[in-house]
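Hi there,

Here is the structure I promised to pass on.

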Amino acid sequence: MTLATEPGASTTPRGRSPLEGVEPFLVELDRFQGPLDLLLHLIRSQDIDIFDIPIARITRQFQLAIAGGLDEMPLERAGEFLEMAASLIRIKAQLLLPRPEKLAWEEDPRAELVRRLLEYEHFQDVVHVLERAEAQRGRHFAKGYVADRPAPEGMRPELEVTLADLLEAASRIPEPPPPVLVRPPSKAVSVEEKVSLVRRLFEKTKRIAFERLFKPWGTRAHATAAFLAALELARQQILRIEQSKPFAPIWLFAGGWIATVGEPPEVELDAEPEQVVAAAERVGEP
Amino acid sequence: MKPEQIVEATLFASQTPLTAAEIARADDELTTAAVDEAITRLRETYESEERAFQIYELGDGFQILTRPEYASYLERFDSVPRSPFLSGAALETLAIVAYRQPIGRIEIEEVRGVGASSVLRTLTDWELVEVVGRGEGLGRPLLYGTTRTFLEHFGLRDLDELPSPDELPVVLSGLQVDEARDEES
């Protein structure tokens, strides 16, 4: 609800002209379908000649009318009112420009607005026609209007259940069983499998990175089986296990002594130091 | 059995309007012309006997409805839900569609000065308007028209029962307005 008062209403002497909008006018924005509806109301309620709209005054009244209500409106609706306010201001500005004394109607900046207002008002008349037709139709009743007679007693069994009955019945519903956690059976990994893997690899190479025995499978079972296989083969003096320091990569070497952890064994190189340096330099090459 | 009685029985038993063709299905001998004739005679009978009901034409259908002067009596009864009176936005949109159909959403919005998509969706849901085609313009916009339900809701036989545009108080034929419109188009 917005109480919009003409600026200067209190200073304007009463009785000058109803067109001056001396009376404060009450505008309830919700009542209006949109900006055209509001504008038409401002014009018609003040007996303004629609073909000679005092744009400055109407613009001011329109702005006052919407000022209080915009915040409570959905953005889209507020935008529609603001758009109208903007075009009113544009028309007002155009009217201030110097122009010839006598203007053809279509050159009047207000012409398009007047056309829209009249078109809108025209459809308001149609709305009234439809409203009357709807009300008229509402006075005719079709078969089935009077609600069905309630079914005679005895046809519908009474609901004879107390709250206690209901609770008692609810308590008889068995508790749902606790959810059973099902672990998908993992494929068993045998130590023998890893032993034969080690043997196969030793046919091709003298040295195996320990993680190569389980990394591709990525499960703890494979790592365990690989570890047990390595221990077993070491016990049988088929390989030796080497680790330079705790958490360093573990290497398996073909042949038989057991390295003690933390004590790096002397690694015998078949290559001369110069060859190692040359090989190291090549690493950087693409 | 006289056609009048067959037609009367059919209309009596129906809760919705029936077209002459629908009524004619009641009997193999019955033609739509005979139905129309029977309805005319029944109407005269109800009129002369001052019955509390009459056969009304709604859209292209016929329905037996009580006469309006009994509304105040019937309103005392618990009723089954009736179609509610439409909102201002719905009426405005229907007014524009009824007079300018087929018409697209944009044109409706131009007349109303407000968005029309949600009200069009509601009116489509209620089957008061329907998509009747597509426009030529950009994106081939949907064009809307009024439905049989529209006529039934407003108790109209056809759209010609609505006043023609120049019978309305605000006539859009003033010289100035025509010029303004010509300029726009």
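Below is what I found, going from the model as a whole to single residues.

First, the ground rules. This is a predicted model, in which local features need pLDDT of at least 70 and side-chain atom pairs count only at pLDDT 80 or more, while totals for chains, interfaces and linings use all residues. Residues are numbered from 1 along each chain as its sequence is written, and chains are lettered from A and ligands numbered from 1 in the order in which they are written.

**Confidence**

The model scores ipTM 0.81 and pTM 0.59. Where pLDDT is low, the predicted coordinates should not be read in detail. A contact here means two residues whose C-beta atoms, placed from the backbone, lie within 7 Å.

**Chain A**

Chain A has 8 helices and 5 strands. Helices are DSSP runs of H or I with at least four residues, strands are runs of E with at least two, and both are numbered from the N terminus. From that end on, the order in chain A is β-β-α-α-α-α-α-α-β-α-β-β-α. Of its 286 residues, 21% count as buried, that is, with 20 or more other C-beta atoms within 10 Å of their own, where 12 or fewer would be exposed and anything in between partly exposed.

One helix pair is worth a look: α6 (residues 191-204) and α7 (residues 220-235) of chain A pack at about 65°, with their axes 8 Å apart. The axes are lines fitted to C-alpha atoms, for helices over the stretch in contact, and angles run from 0 to 180 degrees between N-to-C directions. On the α6(A) side the contact is made by V191(A), E193(A), K194(A), V195(A) and V198(A), and on the α7(A) side the residues include A225(A), L228(A) and E232(A). By class, the residues of this contact are 8 nonpolar, no polar and 3 charged. Ala, Val, Leu, Ile, Met, Phe, Trp, Tyr, Cys and Pro count as nonpolar, Asp, Glu, Lys and Arg as charged, and the others, Gly among them, as polar.

**Where the chains meet**

In the interface, 38 residues of chain A are in contact with 45 residues of chain B. On the chain A side, α1 (35-45), α3 (75-96) and α4 (111-137) each give two or more residues, and α4(A) gives the most, with 19. That side has 19 nonpolar, 6 polar and 13 charged residues.

**Chain B**

Chain B holds an open sheet of 3 strands in the order β4-β6-β5, with antiparallel pairing; strands pair if DSSP finds at least two bridges between them. β4 (103-104) and β5 (129-134) of chain B are at the edges with a single partner strand each, so one side of each has no neighbour in the sheet. β4(B) is joined to β6 (residues 142-146) of chain B by 2 bridges, and G104(B) has L143(B) as its bridge partner.

Lastly, L58(B) lies in strand β2 (residues 53-58) of chain B. L58(B) is buried because 23 other C-beta atoms lie within 10 Å. L151(B) is 93 residues away along the chain, yet the C-alpha atoms of L58(B) and L151(B) are separated by 6.1 Å.

Best wishes
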